[in-house]
Amino acid sequence: MKDYLVRIIAKDANVRALACVSTSLVEEARRRHGTMPTATAALGRVLTAAALMGALLKTRQRVVIRFDSEGPLRKVIAEATSNGEVRGYTAEPLVNLPSKNGKLDVSGAIGRSGTFTVIKDLGLKEPYTGVVKIYTGEVAEDMAYYLTESEQIPSAVGLGVYVEPDGSVGVAGGFLIQSFPPQDDQTIEKLINRINALPAITDLLRQGKKPEDLISLIFADIPFELLERRDLTFKCSCSKERVEQALLSLGKEEVEKLIREQGGAEAKCEFCHERYYLTKSELEQLIEELEAPRH
Ligand SMILES: [Zn+2]
């Protein structure tokens with residue numbers, strides 16, 4: 001199944017919801033970064049959370065969500081665009097902890113002492129940044145806590161990643177439900193009860209449930225309208241051209257030093273692990289560009 005996300009709005013209550021399946025993009029992140037199961041689950045949840053947040057943005061806007069903590073993973077970062085392109089990484093891809101209550105110990109890997117940050121590039125001069133303390137390190141609860149406390153939008157979030165015994169990603173996905181004023185207390189109570197009674201998302205996805213099915217299970221008799229369905233993909237914005245731009249910004253002396261000391265340059269993208277090589281003559285060309293008179 002291709003990764004995608006659906007966005008709905010309740011017909012008679014101020015509630016909106018998103019649900020997605022993100023299995024392929026989380027698997028691609030795992031493959032690119034070589035993450036071990038606990039790191040895979042943590043990174044997968046953060047990637048899925050970013051995809052959900054990204055879907056609330058307008059065209060050409062981006063969101064970055066990140067955990068910085070004293071836990072074994074130290075740092076988990078994911079970025080999503082409004083059109084469903086997601087990328088991310090963790091500082092410590094090899095983290096693998098013993099299971100806790102039969103589940104991958106994501107909160108143990110992320111740790112509880114640290115911050116959860118959301119940075120939104122809304123195309124304005126300065127990006128919007130919100131920071132809260134890590135709430136549980138389970139990711140979904142941290143995101144719900146952030147949205148409710150920092151953005152003042154009461155939110156419920158569910159995220160799940162199932163890692164197969166061979167280490168690959170079996171399923172991944174999640175949902176986000178938000179209520180707006182004036183709040184419809186009766187509808188919200190119903191939604192909360194259903195979310196609490198919902199089986200694990202990974203169980204539902206492994207049964208073949210789709211994003212629409214997750215919404216239907218939670219909303220049931222609450223009428224809603226499907227607003228959108230969009231594809232999700234792991235996609236990084238890096239390119240050789242961007243590496244060249246970065247080298248140009250270092251200046252002539254630094255580029256000359258690379259030629260002298262290394263005979264070329266190699267750069268690795270943190271987000272997608274792609275490697276870029278620049279030969280000596282390519283670096284020399286950059287120097288020519290730096291020396292060329294600007295028009
Ligand atoms: Zn990249």
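Is T202 buried or exposed? Select T202: at 14% relative accessibility, T202 counts as buried. Buried means under 20% relative accessible area, exposed over 50%, and partly exposed in between, with a 1.4 Å probe and protein chains only.

**Before going on**

The model is predicted: local features need pLDDT of at least 70, side-chain atom pairs count only at pLDDT 80 or more, and totals for chains, interfaces and linings use all residues. Residues are numbered from 1 along each chain as its sequence is written, and side-chain values use heavy atoms, with hydrogens and water left out.

**Stop 1: around T202**

T202 lies in helix α6, residues 201–206. Helices (H or I, at least four residues) and strands (E, at least two) are DSSP runs, numbered from the N terminus. Show the contacts of T202, leaving aside its neighbours within four places in sequence: they are G160, V161, Y162 and V171. Contact means heavy atoms within 4.5 Å.

**Stop 2: the five-stranded sheet**

Keep G160 selected. G160 stands opposite G173 in β9. Now widen to the strands: β8 and β9 (residues 169–179) run antiparallel and are joined by 9 bridges. Two strands pair if DSSP finds at least two bridges between them.

Colour the whole sheet next. It is open, with 5 strands in the order β8-β9-β2-β1-β10, and the pairing is antiparallel. The edge strands are β8 (155–163) and β10 (224–231), each pairing on one side only. Neighbouring strands of this sheet are turned by 10° against each other on average, direction ignored. Axes are lines fitted to C-alpha atoms, for helices over the stretch in contact, and angles run from 0 to 180 degrees between N-to-C directions.

**Stop 3: R230**

Which strand holds R230? R230 is found in strand β10. R230 is buried, with a relative accessible area of 13%. Leaving aside neighbours within four places in sequence, R230 is in contact with Y4, L5, R7, G54, A55, S82, N83 and G84.

**Stop 4: the six-stranded sheet**

Move to the other sheet. Here 6 strands form an open sheet in the order β7-β6-β3-β4-β5-β11, with mixed pairing. The edge strands are β7 (128–133) and β11 (233–234), and each pairs on one side only. Select β3 (residues 62–69) and β6 (residues 114–121): they pair in the antiparallel sense over 8 bridges. V63 stands opposite K120 in β6.

**Stop 5**

Show side chains: A49, L52 and M53 in α2 meet M143, Y146 and L147 in α4. By class, this contact has 6 nonpolar, no polar and no charged residues. Ala, Val, Leu, Ile, Met, Phe, Trp, Tyr, Cys and Pro count as nonpolar, Asp, Glu, Lys and Arg as charged, and the others, Gly among them, as polar.

**Stop 6: the cysteines**

How many disulfides are there? The count comes to 0 disulfides, a disulfide being a pair of cysteine sulfur atoms within 2.5 Å. C20 is buried, with a relative accessible area of 0%. C236 counts as buried too, at 18% relative accessibility.

**Stop 7: backbone checks**

- P181 and P182 are joined by a cis peptide bond, with omega about -10°. P182 lies in the loop between β9 and α5.
- A220, a residue other than glycine, has a positive phi near 45°. A220 lies in the loop between α7 and β10 and counts as partly exposed at 47% relative accessibility.
- H273 is not a glycine, yet has a positive phi of about 70°. H273 sits in the loop between β12 (264–268) and β13 (275–279). H273 is partly exposed, with a relative accessible area of 32%.
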